[in-house]
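Here are my notes on the model, for your comments. Please read them with the structure open.

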Amino acid sequence: MSLSQIKNLRVSQWIIGLNTLVFALSALLSAAVWSIPLETLVMLGANYGPYTVDGQWWRLITSVALHAGAIHFLFNNAVLFQIGGIVEQLIPRTLFVGVYVVSGICASFTSLFFNYGAVSIGASGAIFGLFGFFAALLTTRLFAKPIRVQFLKSIGFFIALNLVIGQLGPIDNAAHMGGLVSGFVLGLLSLPYVRKTLRHRAHRLRDPEQDVAQ
């Protein structure tokens with residue numbers, strides 16, 4: 001990969017790269033791939049109530065980059081690649097990073113509140129935040145109605161499916177909901193800025209020589 005290609009990577013691809021490095025480290029330290037031991041996850045920064053509230057608040061964000069095993073890692077990053085590719089076409093990089101990080105922290109806070117004694121890890125809370133952000137934009141007239149309906153149905157199905165699965169196994173639905181709600185709120189708050197950005201982008205596409213003239 002050339003230097004120019006590296007510079008052109010999407011933010012979500014950089015995040016996936018970070019997740020990959022962290023997962024490789026956790027696998028190396030634990031000599032496990034399919035199921036990373038809890039003690040390794042806690043050592044690397046998992047969100048664990050007794051440690052987090054004892055002053056280790058950095059766990060609220062470090063836990064977002066950790067995953068319990070290969071399947072957890074692959075699924076989360078595959079979804080991040082998909083939703084990240086959509087959302088990054090609509091907003092600047094800085095806003096994307098802000099939504100991802102804030103949603104991840106809010107998801108960790110929610111998990112801490114409802115699952116104080118559990119070890120919570122994974123990017124899914126932040127990913128749900130991206131879904132919530134996109135859903136907020138889809139409730140407006142930024143997109144044509146057929147597009148809004150199609151994407152809202154897809155998002156609704158994804159969220160419902162994951163919440164149901166979360167009732168059947170050790171999945172942190174509290175973190176999912178915390179990320180989803182915070183992302184939706186961020187989407188509503190960012191709406192005027194997103195509208196302005198998209199109008200400016202459309203104007204530049206219609207008249208690409210204007211920027212040169214200025």
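1. Buried means under 20% relative accessible area, exposed means over 50%, and partly exposed lies in between (1.4 Å probe, protein chains only). By that rule His-176 is buried, because its relative accessibility is 4%. This is a predicted model: local features need pLDDT of at least 70, side-chain atom pairs count only at pLDDT 80 or more, and totals for chains, interfaces and linings use all residues. Residues are numbered from 1 along each chain as its sequence is written, and side-chain values use heavy atoms, with hydrogens and water left out.

2. Where is His-176? His-176 sits in helix α10 (residues 173-206). Helices are DSSP runs (H or I, at least four residues), numbered from the N terminus. The His-176 side chain makes a polar contact with the side chain of Ser-124, at 2.9 Å. A polar contact is a pair of N or O atoms within 3.5 Å; within protein, one must be able to donate a hydrogen and the other to accept it, and residues adjacent in sequence count only if both atoms are side-chain atoms. Leaving aside residues up to four places away in sequence, His-176 touches Ser-124, Gly-125, Phe-128 and Ile-171 (contact means heavy atoms within 4.5 Å).

3. Now the rings. Rings of Phe, Tyr and Trp (its six-membered ring) pair if their centres lie within 6.5 Å; planes under 30 degrees apart count as stacked, over 60 as edge-to-face and the rest as tilted. The count comes to eight aromatic pairs. Tyr-48 and Tyr-51 are edge-to-face, because their centres are 5.2 Å apart and their planes lie at 90 degrees. Tyr-48 is partly exposed at 24% relative accessibility, and Tyr-51 is partly exposed at 37%.

4. Phe-128 and Phe-158 form a tilted pair, because their centres are 5.6 Å apart and their planes lie at 40 degrees. Phe-128 is in helix α8 (residues 124-138) and Phe-158 in helix α9 (residues 145-166), so the pair ties together parts 30 residues apart in sequence. Phe-128 is buried at 2%, and Phe-158 is buried at 16%. Ring pairs link Phe-128, Phe-131 and Phe-158 into a cluster.

5. Last, helix α2. Its buried residues include Val-11, Ile-15, Val-22 and Phe-23. Seen down the axis of α2, the buried residues fall within an arc of 145 degrees, so they line one face of the helix. The arc is that of the directions from the helix axis to the C-beta atoms. On the other side of α2, Leu-21 and Leu-28 are exposed.

Notes. Helix = DSSP H or I, 4+ residues; strand = E, 2+ residues; numbered from the N terminus.
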